[in-house]
Amino acid sequence: MEIKKGIAASPGVVIKEAFVLDSEEFRIPRRYIKGEEVEAELERLHTALAKAQEQIRSLQGLAAKRIGLEHALIFQVHLEMLQDKNLIEEITSLIRDKKHTPEYAISRALRKYIKAFQEMDDAYLAERVSDIFDVERRLLRTLLGEKVEELNRLQEQVVVIARNLSPSQTLALDKSKVLGFATDVGGRTGHTAIIARALDIPAVVGLGDITTDVSGGDLVIIDGTHGVVIISPDEETLENYRGRQQSFQSFEERLAAIRDLPAETLDGHRVTILGNIESPDEIPSCLHHGASGIGLYRTEFLYFGKTAEPTEDQHFQAYLRAVTTLGGRPIVIRTLDLGADKFGAIPERNPFLGLRSIRYCFKRLDLFRIQLRAILRASAFGPVRILFPMVATLDELRRAKRVVRDVMQELETEQIAFNKDVEIGIMIEVPAAVLIADSLAKECDFFSIGTNDLIQYTIAVDRANEGVAPLFNPAHPAILRLLKMTIDSGERNNIPVAMCGEMSGEMVYAMFLLGLGLKEFSVAPSTIPELKQVIRSVTMEEAAKVTNEVFKMDDPQEITRYLEETTKRVLPEAF
Ligand code: PEP
Ligand code: MG
């Protein structure tokens, strides 16, 4: 049994066998063989070893011609590995004595070496890890032939273990097969984690080397609530986690009971809870969890799985479907936030500071106009609001509004219906926007705070990099002050302020944000009932006291401890 601590990306507990996805997307189909199969399986192993050696020899020849003899020696190392008596003996004994399949035996034996090499404090030896991976992959490829199974062709339920999953891979996960996932890289507010929460799939990210610790078929526990992964658990641990799995489910059931009640404090102060979506398909789940509308539709996901850019009609159909499903409830459609870790990223030295989001739209006005036409057309069918991402200057807001006006004129000329009074808001997700919030507020209808980027850009910490994850802390006093400045500015200028970043869905901050005067929380659907429960358990006076106390502290750790304690009092099950 091995216990690994990572970053809690999406809550819930799942216990299942692992599907290890490496860059070549191999999976080991089964772990065990019957006694009478041993000889035939050993034969398969030896054929595979011979075939792999043959391949390496011919590669050696090719490499010598193309890159020189010196580099061709790399393959000599691979060859020696395949002839290593100890290694072959180890694999053979796993097959003969433990009745493992050759695939599983190879993976187990080689991953043990990989782990040992990784732990050595020697750069040369650490480099050898990629060679062992290479040998493992070659042997698996030889054994499995063309039967490479991919994520979308899963036959049974698994938990996926991967180096990384891209946001689009995550969005494409088949929930009936993939019950949870764990990755080597990633942070809590990377888009992969956001989508896992949207899909309600328990996940742990940023584990460092989970792909080397787990072999396909190993039994794994993923505890997405606490960011823990347990490999090959013992009976006692298994029992314990089965219990946790049950109490998580019954907690969810209890929360479902308050789904249709208002998000209202004990003293009658009402706030609005909305859902965040990447596709109109997620709207039923938002409504099911008790959302009163959609506070953020990340439209860039329309690009997912497409080889060509979406047409105006494809945009329009998606928005119309969203508006129709919502049946009169409001929706905030954010214009394309392409670039950085999402789609359309053009190779740039520093993509998060580059041609991302609204900046990209200004460069690609054709694409921006197509989208705005579609949003405006959808606005004739229901309460649609437009949200511009990543605005950092007043000029950007003015320019974006000019494009909207221009597109409106075009639609008018074409006699196409739209809502002339459509509300236009901006994301507050760059510190510069907070500092000029009063000027921006005078020229738009609402703010929506994007804490994921606001934290990233304020603390200068990559939101998806597990290496700096501890620095990505919403409780940093700089962030808390920026939030206060934004909400105060909204009040001064009489425009509503929402929050659609992940912070608004984290229970520990709910009371603080309530006390700060936040009236709209836009969150992943699965967190709605929990959030409602916190709000329904406090008075505004209590919330304001929490906010005041927090502003007296300057240590993020102390703030987090304090917020955890106060939240635990009203919702102990969330911890
Ligand atoms: C944010 O930055 O907080 C946000 C909501 O936008 P995204 O996560 O899509 O960048
Ligand atoms: Mg953002």
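In which helix is Lys-363 found? Lys-363 is found in helix α12 (residues 358–363), where helices are DSSP runs of H or I with at least four residues, strands are runs of E with at least two, and both are numbered from the N terminus. This is a predicted model, in which local features need pLDDT of at least 70 and side-chain atom pairs count only at pLDDT 80 or more, while totals for chains, interfaces and linings use all residues. Residues are numbered from 1 along each chain as its sequence is written, chains are lettered from A and ligands numbered from 1 in the order in which they are written, and side-chain values use heavy atoms, with hydrogens and water left out.

Lys-363 is exposed, with a relative accessible area of 61%; buried means under 20%, exposed over 50%, and partly exposed in between, with a 1.4 Å probe and protein chains only.

## The magnesium site

The magnesium ion (ligand 2) has Glu-429 (OE) and Asp-453 (OD) as its protein donors, at 2.0 to 2.1 Å. Because Glu-429 lies in the loop between β13 (423–428) and α15 (431–435) and Asp-453 in helix α17 (residues 451–459), the pair ties together parts that are 24 residues apart in sequence. Donors are N, O and S atoms within 2.8 Å of the metal (3.2 Å for Na, K and Ca), and sites may look incomplete because water is not among the atoms.

Glu-429 is buried, at 2% relative accessible area, and Asp-453 also counts as buried, at 2%.

## A residue in helix α9

Gln-249 lies in helix α9 (residues 235–256) and is partly exposed, with a relative accessible area of 44%. From C-alpha to C-alpha, Gln-249 and Val-384 are 35 Å apart in space, and in sequence they are 135 residues apart.
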